[in-house]
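We will go from stop to stop, with a note on what to select at each one.

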Amino acid sequence: MIPLSWYLILAALLFCIGLFGVLARKNSVAVLMSVELMLNAVNINLLAFWRYLYLTSTAYNGFVFVVVLFAVAAAETAVGLAIIISAYRSRKTVAAEDFTALQG
Amino acid sequence: MTGSFPAAMLLKSLPEISLVILAGLVLLLSLVWKKRPPQALTWITIAGLMLCLLLALLFALPVKGPYLIWGGLLKIDVLSFLFRMIFLTGAALTVLISVERQPSQGQGEYLALLITSVFGMCLMAASADILMLYLAIEITAMPLFILAAFQFRQKKSAEAGLKYFLYGAMTSTVMVFGFSLLFGISGQTGYSAIAAALEPDRLPVSLTAGIFMLVLVGFLFKVSAAPFHFWAPDVYEGAPTPIAGFLSTASKAAGFAALLRILQEVFRASPELRFGLLAAAAVASMLIGNFLALRQKNLKRLLAYSSIAQAGYILVGAAVGTPLGASGAIYYLIAYLVTNLAAFGAVAVVSSNTGSDQIAAFSGLNRRNAALALVLGAALLSLGGVPVFAGFFGKFLVFASAVQAGAVWLAVIGVLNAVVGLYYYLNLLKVMYLDPVPEGSGPLTVVFPWKAALLVCAAGILVLGFIYRPWYHWADLAAQMLLLH
């Protein structure tokens with residue numbers, strides 16, 4: 001069986017790739033996708049911990065945590081895309097560097 | 001100790017349940033009641049929020065000793081009770097300030113989103129479980145993302161919403177990564193079980209420090225403290241003014257309520273870590289907030305930087321972590337609620353009359369509307385921590401707690417920063433009272449809801465400054481109960 005640490009390393013890598021994307025990408029939609037990548041890293045972490053260390057016939061808490069995270073991620077994407085579209089309508093761009101009405 | 005009788009649990013969470021019903025009701029009324037009077041929904045919302053406050057006083061008074069409900073998800077104690085009062089009052093004042101002379105489109109959605117976010121805040125202050133906390137933070141944040149972008153036809157508001165959303169989504173995800181590690185080391189999501197697994201003999205300190213930093217990212221964003229403060233000035237400037245006021249008071253208070261609880265109940269085994277990281281964040285916030293506020297031309301931006309600095313002062317109390325520190329932080333948040341809402345309310349009045357929120361628009365304010373200048377002046381002096389105004393006791397208590405805990409250097413840095421802060425607040429007073437009235441500006445009209453909100457805030461600033469014993473008693477009780485395990 002694949003050891004637990006492999007999953008944790010995968011999750012950590014995925015998290016770092018997502019974080020890099022958030023910090024480096026200019027396109028708002030790409031930033032949103034990177035955030036989703038980070039959330040998936042969290043899900044892998046939770047499921048791996050739950051399956052390897054804490055799975056009993058009564059403890060479903062890790063599983064429930066992941067289901068709740070799914071719902072939150074979906075809502076977050078919906079809200080995020082709506083905001084990005086409204087920003088696009090006023091500015092005709094989604095590149096973060098073009099949003100310069102507010103600075104100082 | 002878990003509550004076993006569901007009816008009792010339902011009664012304890014009656015204020016939250018009625019908030020959800022109120023949000024649905026307001027949304028429904030805005031759809032079906034087409035010929036309503038322009039301010040009807042506003043008054044219904046305020047009546048509903050006051051009803052929730054009354055229900056909390058009648059049925060959800062904190063009992064002796066902490067009391068967990070819903071299988072350990074929520075904790076009913078003085079802290080959650082007190083902060084529920086803060087959020088409901090703050091929301092009611094924000095609704096009053098939000099009244100425009102012309103009823104704008106989407107009023108129903110605006111109010112329903114605001115109520116939903118208050119619902120999330122009440123859960124944040126009460127949650128005793130990391131899953132519940134994450135959910136509560138998201139319930140609070142998502143309506144606020146939309147509200148910040150609510151005037152989406154204006155470039156600035158859409159941009160503010162986008163920046164707030166991208167920052168918020170990123171930091172909350174970093175925090176939930178920390179939560180997944182907390183679950184990994186304990187297999188539980190309840191605070192007390194996690195705290196037991198975090199004992200130093202069970203987990204190396206370096207690992208605890210790593211997890212603590214990940215979790216702290218989300219909280220520092222929420223309270224707009226350095227180094228996660230970059231969003232605040234842009235979002236406050238671009239968002240609708242009442243929402244900026246709400247973000248800087250109730251949302252910040254919710255962040256601090258959850259932070260105080262998680263510090264005392266989860267990370268209680270590592271006080272050095274807490275003090276080191278939070279004191280560093282506090283010093284950075286105070287310096288960045290105060291020194292960048294000095295060169296601002298826009299009053300909303302200035303208030304944003306001042307709010308970063310205020311987060312720094314409150315973090316001093318949280319970093320110290322003694323009963324005095326915690327009660328000082330809570331007292332500060334109560335005082336800050338009325339003070340900053342008064343300031344943002346005054347900005348809303350002036351900017352809706354003149355169409356500008358630059359500092360220049362405020363020159364000679366006392367000759368255009370003396371009462372408004374008086375309220376804004378009191379709010380600025382209270383922000384600066386001048387005695388007899390509410391803000392003074394808040395600052396006094398957090399700095400006293402630092403001295404009491406032996407961190408005199410932290411109190412000294414705080415006091416020096418408060419002096420820098422006083423400079424730009426007094427400079428604004430000079431603009432309002434001594435500078436000439438700009439050409440072609442008439443007297444300002446103030447509609448009744450604005451008058452009511454500003455009057456309540458001004459009364460709060462004075463009452464909290466003159467009579468501080470009962471408020472301090474409550475803050476102290478909340479802090480004592482928080483530190484009691």
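Is A:Lys92 buried or exposed? A:Lys92 is exposed, because 8 other C-beta atoms lie within 10 Å. (A residue is buried if 20 or more other C-beta atoms lie within 10 Å of its own, exposed if 12 or fewer, and partly exposed in between, with C-beta atoms placed from the backbone.) Select A:Lys92 in the segment after helix H3 (61–91) of chain A, and check its backbone: phi is near 60°, a positive value in a residue other than glycine.

Before moving on, please note that this is a predicted model, in which local features need pLDDT of at least 70 and side-chain atom pairs count only at pLDDT 80 or more, while totals for chains, interfaces and linings use all residues. Residues are numbered from 1 along each chain as its sequence is written, and chains are lettered from A and ligands numbered from 1 in the order in which they are written.

**Stop 1: two backbone details in chain B**

Select B:Trp70 next. This residue has a positive phi of about 55° although it is not a glycine. B:Trp70 lies in the loop between strand E1 (67–69) and strand E2 (74–76) of chain B. (Helices, H or I with at least four residues, and strands, E with at least two, are DSSP runs numbered from the N terminus.) B:Trp70 counts as partly exposed because it has 18 C-beta neighbours inside 10 Å.

Now go to B:Ala226 and B:Pro227. The peptide bond that joins them is cis, with omega about 0°. B:Pro227 sits in the loop between helix H9 (205–222) and H10 of chain B.

**Stop 2: where the chains meet**

Colour the two chains separately. On this interface, 34 residues of chain B are in contact with 33 residues of chain A. (Two residues are in contact if their C-beta atoms, placed from the backbone, lie within 7 Å.) On the chain B side, the elements that give two or more residues are helix H6 (130–148), helix H7 (155–186) and helix H10 (231–238). Highlight H7(B), which supplies the largest share, 18 residues. By class, the chain B side has 18 nonpolar, eight polar and eight charged residues. (Ala, Val, Leu, Ile, Met, Phe, Trp, Tyr, Cys and Pro count as nonpolar, Asp, Glu, Lys and Arg as charged, and the others, Gly among them, as polar.)

**Stop 3: the core**

Which residues have the most contacts inside the largest nonpolar core? Select B:Phe87, B:Phe145, B:Leu333, B:Ala342 and B:Ala346; the core itself has 221 residues. (A nonpolar core is a set of buried Ala, Val, Leu, Ile, Met, Phe, Trp, Tyr and Cys residues joined through C-beta atoms within 7 Å.) Helix H14 (residues 323–354) of chain B gives the largest share of this core, 21 residues. Zoom in on B:Ala346 and show B:Leu372, B:Val375, B:Leu376, B:Ala379 and B:Leu454, which it touches, not counting residues up to four places away in sequence.

**Stop 4: two buried leucines**

B:Leu383 is found in helix H16 (residues 370–384) of chain B. B:Leu383 is buried, with 30 other C-beta atoms within 10 Å. Leaving out residues up to four places away in sequence, B:Leu383 touches B:Ser306, B:Thr339, B:Ala343, B:Gly391 and B:Tyr425.

For the second, pick B:Leu315 in helix H13 (residues 299–320) of chain B. B:Leu315 is also buried, with 30 other C-beta atoms within 10 Å. Residues up to four places away in sequence aside, B:Leu315 touches B:Ala225, B:Leu278, B:Ala281, B:Ala282 and B:Ser285.

**Stop 5: a helix pair**

Finish with helix H4 (residues 78–97) and helix H19 (residues 448–466) of chain B, which pack at an angle of about 145° with their axes 8 Å apart. (Axes are lines fitted to C-alpha atoms, for helices over the stretch in contact, and angles run from 0 to 180 degrees between N-to-C directions.) Show B:Leu93, B:Leu96 and B:Ile97 of H4(B) together with B:Pro449, B:Trp450, B:Ala452, B:Ala453, B:Val456 and B:Cys457 of H19(B), the residues that make the contact. By class, this contact has nine nonpolar, no polar and no charged residues.
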